[in-house]
Amino acid sequence: MRIDPASRTFTVLLGVLAALPAFGIDMILPALPATGASLGVPSSQVGLAMSVYLLSLGVAPLICGPVSDRYGRRPVVLCGCAVLVAGSVGCATADSLPALLAWRVVQGVGAASTAPVMAIIRDLFEGPVARAKISYVVIAINVVPMIAPTVGAELLAIGGWRSLYLVLVAGGLVLLAVLSCGFPESAKIERSRRLTVFSVARDYVRVMLHPVCRGYILVNAAATGAVFAYVAGSSLFLITVKGMRPDQYGLIFGATAIAVMGGAFLGGRASARGIPPGYVLTTGLALLSLCSTLLLAMTLAGWMPIPVVILLMIGATLSFGLIAPNVTSGAMQPLPQIAGAVGGAAGFAQMIAAASSSGLVALLFDGHSALSMSAMMAVFACLAMTLYLCLVRPAEHVALSV
């Protein structure tokens, strides 16, 4: 039974696919110490299971995107789900840390099959409808950080750390069955087009030479860097410096995840009402820059009342909900025939920015202030605004005048 792309069921399915990589991150966080104890290694070494998984998520879309342009989105997603199941089985049965790490790479490659989700939306929808669909996907992605750690902790208590991977096996099999029965092909496939290293490289060169695509990809990466600076630095400041309890911090982190969802929802409603995406995006970038620079100014002044800090964090994450759907839609519009390559480039740039900002926050943390977090947030936020005003807006004006 074919699922109608215009239906809510199809939108939910896209949201599940897009959120799939995050389950492999957030759900296993509570189980890292227990995994280390079981495998006879320190929990700090088990943290490498996160690193190799994130590396796979960053690199694999560079391959999945062009393959989906040539052979279709459906076979890539189906194959990815099968690889995810295989990797999860391997993780659940691993008897050593090297084995676990190897299977986590496989699992990450499978989860990266969701890279064509944005390309699927570009294939099927235009304008405000496309931006609304992307908004719903962003909402789905941000539900995961709210529920996955709690689910992981409960599963750990009931069935041990291996049960977390078995749940991913079961979920992957269910998803694979649903996709096999009703997931339609969305791409317009050119059968005469060959998939070679040269053709893939040529597609990525086209993406990065297109001023609008390149601009939106860079804006998206910079905005992501600002948000991941918050993700990496908020726990260091609120727990380590301010002495907040982990459960209290969890409530704040959940509130900021809700804020991202709220921003995406507001952006979707704005699109449905015909408000130009440029207005929504400019508002989001301005809010992100304002909240980040105010947080930096407060840090430098040594005045950091917790309620105001939390309010600025919520404002920054809400702004990302306004930004993400519009920059993603903007990047996808100019080159629909290689939307998979556009999505792959955007995902890779996003992961590089996230890794860079979070790494710098941790490296520069001084142990007694929020300076590394607020500085990185302000730098990446202002960079995103500058890139939009100096690269994207002029390129769009040129494109409209041609």
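Colleague: Where in helix 14 does a kink lie, and what is its angle?

Modeller: The kink is at Ile-323, with an angle of about 25°, shortly before the proline Pro-325. Bear in mind that this is a predicted model. Helix 14 has 27 residues and spans 39 Å from its first C-alpha to its last, close to the 39 Å expected at 1.5 Å a residue.

Colleague: Is helix 14 mostly covered or mostly open, and how many of its residues are buried?

Modeller: Mostly covered: 21 of the 27 residues of helix 14 are buried. Take Thr-328, which is found in this helix. A residue counts as buried under 20% relative accessible area. Thr-328 has 16%, so Thr-328 is buried. Leaving out residues up to four places away in sequence, Thr-328 touches Met-118 and Ile-134.

Colleague: What follows helix 14 in the chain, and where does Pro-336 belong?

Modeller: Pro-336 is in the loop between helix 14 (306-332) and helix 15 (339-364).

Colleague: How far apart are Pro-336 and Pro-33, in sequence and in space?

Modeller: They are separated by 303 residues in sequence and by 45 Å in space, C-alpha to C-alpha.

Colleague: Now packing. How are two packed helices described?

Modeller: By the angle between their axes and the distance between the axes. In this model, the axes of helix 1 (residues 8-26) and helix 4 (residues 48-71) come within 10 Å and cross at roughly 165°. An angle over 145 degrees counts as roughly antiparallel. Helix 1 and helix 4 are therefore roughly antiparallel to each other. On the helix 1 side the contact is made by Leu-20, Pro-21, Gly-24 and Ile-25, and on the helix 4 side by Met-50, Tyr-53, Leu-54 and Leu-57. The crossing of these two helices is left-handed.

Colleague: What are the angle and the axis separation for helix 5 and helix 6?

Modeller: Helix 5 (residues 73-93) and helix 6 (residues 97-111) pack at about 160°, with their axes 7 Å apart. That makes helix 5 roughly antiparallel to helix 6. This crossing, too, is left-handed. Among the contact residues are Gly-80, Gly-87 and Gly-90 of helix 5 and Trp-103, Arg-104 and Gln-107 of helix 6.

Colleague: Which residues of helix 9 are buried?

Modeller: The buried ones include Tyr-165, Leu-168, Gly-172 and Leu-179. Helix 9 (residues 162-182) has 21 residues and a reach of 31 Å between its first and last C-alpha, close to the 30 Å expected at 1.5 Å a residue.

Colleague: Which residues does Leu-168 touch?

Modeller: Phe-23, Met-27, Ser-88 and Gln-107, again not counting residues up to four places away in sequence. The relative accessibility of Leu-168 is 10%, so Leu-168 counts as buried.

Colleague: One last residue. Is Ser-271 buried or exposed?

Modeller: Buried, at 2% relative accessibility. Ser-271 lies in helix 12 (residues 246-272). Apart from residues up to four places away in sequence, Ser-271 touches Pro-128 and Arg-131.

Definitions and conventions
Residues are numbered from 1 along each chain as its sequence is written. This is a predicted model: local features need pLDDT of at least 70, side-chain atom pairs count only at pLDDT 80 or more; totals for chains, interfaces and linings use all residues. Side-chain values use heavy atoms; hydrogens and water are left out. Helices (H or I, at least four residues) and strands (E, at least two) are DSSP runs, numbered from the N terminus. Axes are lines fitted to C-alpha atoms, for helices over the stretch in contact, and angles run from 0 to 180 degrees between N-to-C directions. Angles under 35 degrees count as roughly parallel, over 145 as roughly antiparallel, 65 to 115 as roughly perpendicular and the rest as oblique. A crossing is left-handed if the near helix is turned anticlockwise from the far one by less than a right angle, and right-handed if clockwise. Contact means heavy atoms within 4.5 Å. Buried means under 20% relative accessible area, exposed over 50%, partly exposed in between (1.4 Å probe, protein chains only). The expected span of a helix is 1.5 Å times one less than its number of residues. The bend at a residue is the angle between axes fitted to the seven residues ending there and the seven starting there.
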